[in-house]
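This report goes through a few side-chain features of one protein chain, one topic at a time. Please have the sequence and the 3D view open while reading.

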Amino acid sequence: MNIYNIIKAKYLVEGHSIYNWLFIIYVVLWALVLIANNHIYEQKTIDLKNLTEEVKEMRSEFVDRRSELMQLKMESTISKKMETIGVFPSTVPPKKIKVVIEKEDKGFFNLWD
């Protein structure tokens, strides 16, 4: 095979050219598969990066909301808000109430009542 035959692409039209065409198709298909695979990989990498950034944003928002909640749950904050509507904290400490239940004598047949 000389260079002149390669330039004229005689290997694609003469003799056993079907094998050459099959090999070319095989190489082209593999190239397309590799390009598609690379594209899918890069897209998943970009999606992963975006999701990681979104998780960081959500985590920081969670921390902010949790700190706001902790501040709102403080007794001083609640008492300040209640004073605006006229409810003031009690100055008398609470008393503990004990409830004593007398047990009834249950007979043998009334065990499960």
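## A network of salt bridges

Glu 61, Arg 65 and Glu 68 are joined in a network of salt bridges. A salt bridge here is a side-chain nitrogen of Lys or Arg within 4 Å of a carboxyl oxygen of Asp or Glu. Side chains of opposite charge can pair when their charged atoms come close.

The model is predicted: local features need pLDDT of at least 70, side-chain atom pairs count only at pLDDT 80 or more, and totals for chains, interfaces and linings use all residues. Residues are numbered from 1 along each chain as its sequence is written, and side-chain values use heavy atoms, with hydrogens and water left out.

## The two bridges

How many salt bridges does a search of the whole structure find? The search gives 2. In one, the side chains of Arg 65 and Glu 61 meet at 3.9 Å, N to O. In the other, Arg 65 meets Glu 68 at 3.6 Å, N to O.

Arg 65 and Glu 61 both lie in helix H2, 4 residues apart, about one turn of the helix. Arg 65 and Glu 68, also both in helix H2, are 3 residues apart, again about one turn. Helices are DSSP runs (H or I, at least four residues), numbered from the N terminus. Glu 61 counts as partly exposed because its relative accessibility is 39%, and Glu 68 is partly exposed at 41%. The cut-offs are under 20% relative accessible area for buried, over 50% for exposed, and in between for partly exposed (1.4 Å probe, protein chains only).

## An aromatic pair

The whole structure holds 1 aromatic pair. The ring centres of Tyr 26 and Trp 30 are 6.4 Å apart and the planes are at 80°, so the pair is edge-to-face. Rings of Phe, Tyr and Trp (its six-membered ring) pair if their centres lie within 6.5 Å; planes under 30 degrees apart count as stacked, over 60 as edge-to-face and the rest as tilted.

Both residues lie in helix H2 (residues 17-72), 4 residues apart, about one turn of the helix. Trp 30 has 44% relative accessibility, so it counts as partly exposed.

The C-alpha atoms of Ile 40 and Gln 71, 31 residues apart along the chain, are separated by 47 Å.

Thr 77 belongs to helix H3 (residues 75-84). Is Thr 77 buried or exposed? Thr 77 counts as buried, because its relative accessibility is 18%. Leaving aside neighbours within four places in sequence, Thr 77 is in contact (heavy atoms within 4.5 Å) with Gln 71 and Leu 72.

Key: Helices (H or I, at least four residues) and strands (E, at least two) are DSSP runs, numbered from the N terminus.
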